[in-house]
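Please look over the sequence and the model below before reading on. The paragraphs that follow take up a few local features in turn.

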Amino acid sequence: MVDKKYCMSSYLALRYIEKEGVEFREDFHHELIKPLPENEKIQVTTASDIDHEISNMFDSLKGQRLGLLLSGGMDSACLASYMSGCDAYTFRFLGRSFRQEEQERASQYAKKYRLQLHYVDIDWDTVTNYLEPVMRSKCAPVHSIEPQLLQAALQAKGDGIERLIVGESSDLVFGGMDGLLAKDWTVEEFQNRYTFLKPEEILVDSEDISYLFERYRKENNSIDFLKFMDEVFSIESSSSYMNAFRVAEMPYTDPYAFLQMADELDLNRVRNGEPKYLIRELFAMKYPELPIPEKIPMPRPVDQYFKEWGGPRRPEFRRDIDMKRYTGNQKWQMYCLESFLNMMEKQA
């Protein structure tokens, strides 16, 4: 079923096309790349359990040349502890002028566990060179991290890496999305908090996406936000990595994606300064000499990219968009949607 208005609205609001079988064009079939089913996951209770299970996973990968996508955060830092002697890939942005502290922490982790550290240099050329391939693969506009993920995967592949390891799922599995877990939300509050862009503010002709939030409505106007994150955010987030790796023909492995907390997430701990408390304990086991780093999303210099951008010009977009109101990531979505529509026209 072709429904361009719905697809544009869903992408702007949710960063992906939520309805399967609804397409921008008849010959553009987007695929929801779903994470591992719950019944195939391994339950863990303690940091020691996580350590044991991840160690077993790496034992099963022996004989392959492994690389690690290494940031300054604790998720990939913990994975580095199982990969002594392997290669690691760290993003370096805009000629090292952006987020240098991330690079410095990654260098510490690599040095401790004797990883050979490589830098993946990211600038506007990354968007120019790698945006269309990930959009063509997904048959939809994409997340702002996908072009740089594709660049990293291709660089690693060129170095002879057979499998690039990532730690993307840790936030979802272990309670790292502390902003979304910060309170018990009403449906309307959570919709306003989660919606990335309101389609009616951007598009001439938009569609209401509130049906998705209504699906998780509970009594007293509350929302089952944990289930929403398990079923909605997991697809939006994981598919960005999986799509980029698929384009690069690089096997994708996220050890955290195979795990599940056996005990109910302790929201009180998360809400009182301990997001991902089990991973924090694992990090302390692996790096007792270092402070636990604060959670930082994967960097991408979209604020710099779009600082002077005047906004979309295609007829699908409103002419009265006040671009000063929007963040770099929101501007990315407008830019990427417009780029995707242009690409579709070129391929007609």
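How far is the sulfur of Cys-78 from the closest cysteine sulfur? The model is a predicted one, and in it the sulfur of Cys-78 lies 16 Å from that of Cys-86, its closest cysteine sulfur, which is too far for a bond. A disulfide is a covalent bond between the sulfur atoms of two cysteines. Counting one requires the two sulfur atoms to be within 2.5 Å, and the structure holds zero disulfides. Cys-78 is buried, its relative accessible area being 0%. Cys-86 has 16% relative accessibility and also counts as buried, because the cut-off for that class is under 20%.

Another cysteine, Cys-7, is among the buried residues of helix 1. This helix covers residues 4-14, and nine of its 11 residues are buried. The buried set runs through Tyr-6, Cys-7, Met-8, Ser-9, Ser-10, Tyr-11, Leu-12, Ala-13 and Leu-14. These residues pack against several other helices: helix 8 (187-194), helix 9 (199-202), helix 10 (210-214), helix 11 (225-248) and helix 15. After helix 1 comes Arg-15, with a positive phi near 70°.

Helix 15, one of the packing partners of helix 1, spans residues 328-346 and contains Met-343. Is Met-343 buried or exposed? Its relative accessibility is 1%, so Met-343 counts as buried. Apart from neighbours within four places in sequence, Met-343 is in contact with Phe-28, Glu-132, Met-135 and Arg-136. Glu-219, by contrast, is 124 residues from Met-343 in sequence and 44 Å from it in space, C-alpha to C-alpha.

On the helix 5 side, the contact is made by Thr-126, Val-127, Tyr-130, Leu-131, Pro-133, Val-134 and Lys-138; helix 6 contributes Glu-146, Pro-147, Gln-148, Leu-150, Gln-151 and Leu-154. By class, the residues of this contact are eight nonpolar, three polar and two charged.

Terms used
Residues are numbered from 1 along each chain as its sequence is written. This is a predicted model: local features need pLDDT of at least 70, side-chain atom pairs count only at pLDDT 80 or more; totals for chains, interfaces and linings use all residues. Side-chain values use heavy atoms; hydrogens and water are left out. Helices (H or I, at least four residues) and strands (E, at least two) are DSSP runs, numbered from the N terminus. Buried means under 20% relative accessible area, exposed over 50%, partly exposed in between (1.4 Å probe, protein chains only). Contact means heavy atoms within 4.5 Å. Ala, Val, Leu, Ile, Met, Phe, Trp, Tyr, Cys and Pro count as nonpolar, Asp, Glu, Lys and Arg as charged, and the others, Gly among them, as polar.
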